[in-house]
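Welcome, and please take a moment with the sequence and the 3D view before reading on. The notes below are a friendly tour, grouped by topic.

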Amino acid sequence: MYHATVVSLVCLLFMLISVPGVQSACSATASLIHNSQWSSEGRNHSVNTISIVNTGSCPIDSVQISISLSGDATIAQMWNLVTSGGGIFNVTNFGMRINQETASSGSGFILSAGKDVSLSVSIASITCFACNQNLGAFVAKQSTKVAQVNSTVFKALANPANTAHRGGGGAFAPESTVYAYRKCVEAPSSADIIEFDVYLTIDNVLVANHDSTIMRTSNGVGFVSLSTIAYLKKFDFAYHYTTDDGQTYPLRGKGIKIATIKEILDEFVTKYPKLVFYFDMKSASAVGPALQLVTAYGIQNRVIFDAVDPIVNNAVILARLFYPV
C-alpha cells in the first residue's frame, strides 16, 4: 500500500538517552509504533503512537518530542501532543510522573504522506524534578533517523483494500460471527481484511464482540469479560439480525453463536492464505493472549493490531516488544 520509501512504523525506534557522569539518573527510551494504515484520495495515512519508558533511577516529570518530516508529508491529527513550534511537541498525557520501567501511553499522531517521505524522531528534552535535572541541551543532539521500512502486511494488500468491518457490520449477516466472515471472504465480496473486536472471557478465552455486553448482539444478558465461554455460547447471536426493520428475523435458531478468535483463525488462516486479520483490542487483559495466539498460528505477517482506548493501546505497545507483529 505504501511506496517503497514511505515510512511504515512498526517498532522501529529505540533510543537510550543518558548523561555521562550522572549514572543514568534521568534517562529514557522512546519508541514510535505504527498501529494502522490506509489510503484515500491518493494519499497514504498511518496512525502512530509514541511510547516512552523510563530507564533511569529518577521519575520523569515531562518530555518533549522532536518530529522532523521531509518530503510530501504532514501531521494530520495529534492526541496528547501539543506543538511548541519548530517540530517540538510536549507530551501532555502523563497525569503522573513516569517512574522506572513504566511507560507513557496514548500520545500519537496521524501521518498523511505522499511518496518519498522521511521522518526523524528524537527526545528533545527530559525533566526530572526529583533529581533536579533538565536534559534539553544534551538530548537535543541525539536525534536518530528512523529507518524507512515497509510493513509486510500492507505491502501485500490491494490498493484500496477491501475490509470487512465486524464481518460486514451486520449489513448482510449477524456481525462478528463466523457466519458473517464466511460471507465476506467469499465472492463477490472477497474481503482482503476481516476486522474483529477482541475481549477475554473470565475463563481466558478470546472472543469477537464489539460491545462490552451481549445484549445488542444476542438474546443473552451480561458482560463479555465477566462471563465464561460456556455461558456466552448458550445464546443466539443472530437473534436481533433483521433485514426488514424487524418484520422478520431470518437467522434466529440457526445455531449462530459468539465466535472465539481461535474459531475464526481455524476457519480462515489456511483456507485463505492471503487474508489479513485485524485485531481491534477492547481490553488490556486480552492483548497478551491474542499475541500468543498470533505467534502460535504463525501469522505475524498477516495481522494488524490496534486499540482505541489509550490504556489498551499502551498494553499493545508493551506486549509487542515481546511478540513483534
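The buried residues of helix α3 pack against β12 (163-165), β13 (193-200), β15 (259-260) and helix α5. Here, contact means heavy atoms within 4.5 Å, and buried means under 20% relative accessible area, with exposed over 50% and partly exposed in between (1.4 Å probe, protein chains only). Helices (H or I, at least four residues) and strands (E, at least two) are DSSP runs, numbered from the N terminus.

This is a predicted model, in which local features need pLDDT of at least 70 and side-chain atom pairs count only at pLDDT 80 or more, while totals for chains, interfaces and linings use all residues. Residues are numbered from 1 along each chain as its sequence is written, and side-chain values use heavy atoms, with hydrogens and water left out.

**The chain as a whole**

- The protein chain has seven helices and 17 strands.
- Of its 325 residues, 51% are buried.
- Among contacts with a separation of 6 or more, 67% are between residues 24 or more positions apart.

- The buried residues in α3 are V178, A180, Y181, C184 and V185. They sit on the same side of α3, because they cover an arc of only 155° around the axis; the arc is that of the directions from the helix axis to the C-beta atoms.
- Helix α3 spans residues 178-185 and helix α5 spans residues 261-268; the two pack at an angle of about 30°, with their axes 11 Å apart. Axes are lines fitted to C-alpha atoms, for helices over the stretch in contact, and angles run from 0 to 180 degrees between N-to-C directions.
- The helices α3 and α5 are therefore roughly parallel to each other. Angles under 35 degrees count as roughly parallel, over 145 as roughly antiparallel, 65 to 115 as roughly perpendicular and the rest as oblique.
- The crossing of α3 past α5 is right-handed. A crossing is right-handed if the near helix is turned clockwise from the far one by less than a right angle, and left-handed if anticlockwise.
- On the α3 side, V178, Y181, R182 and V185 take part, and they meet I264, E267 and F268 in α5. Sorted by class, this contact of α3 with α5 has five nonpolar, no polar and two charged residues. Ala, Val, Leu, Ile, Met, Phe, Trp, Tyr, Cys and Pro count as nonpolar, Asp, Glu, Lys and Arg as charged, and the others, Gly among them, as polar.

**The loops on either side of α3**

- T177 belongs to the loop between β12 and α3. With a relative accessible area of 1%, T177 is buried, and beyond its neighbours within four places in sequence it is in contact with F237, I256, K257 and A259.
- R166 also lies in the loop between β12 and α3. Its phi is near 55°, a positive value in a residue other than glycine, and R166 counts as buried at 16% relative accessibility.
- In the loop between α3 and β13 we find P188. A cis peptide bond links A187 to P188, with omega about 5°.

**Helix α6**

- Helix α6 covers residues 287-297, and V287, A290, L291, L293 and V294 are buried in it. Their arc around the axis is only 155°, which puts them on the same side of α6.
- These buried residues of α6 pack against β14 (206-208), α5, β16 (276-281), β17 (303-306) and α7 (310-319).
- Just after α6 comes G298, with a positive phi of about 65°.

- L232 is part of helix α4, residues 229-232, and counts as buried at 0% relative accessibility. Apart from residues up to four places away in sequence, L232 touches T201, I214, V224, S227, F237 and I258. From L232 to T201 the C-alpha to C-alpha distance is 9.1 Å, while 31 residues separate them in sequence.
- S112 is in strand β8, residues 107-113, and is buried at 6% relative accessible area. Leaving out neighbours within four places in sequence, S112 is in contact with R43, N44, H45, D72, A73, T74 and A76.
- D245 is placed in the loop between α4 and β15. At 80% relative accessibility D245 counts as exposed, and its phi is near 55°, a positive value in a residue other than glycine.
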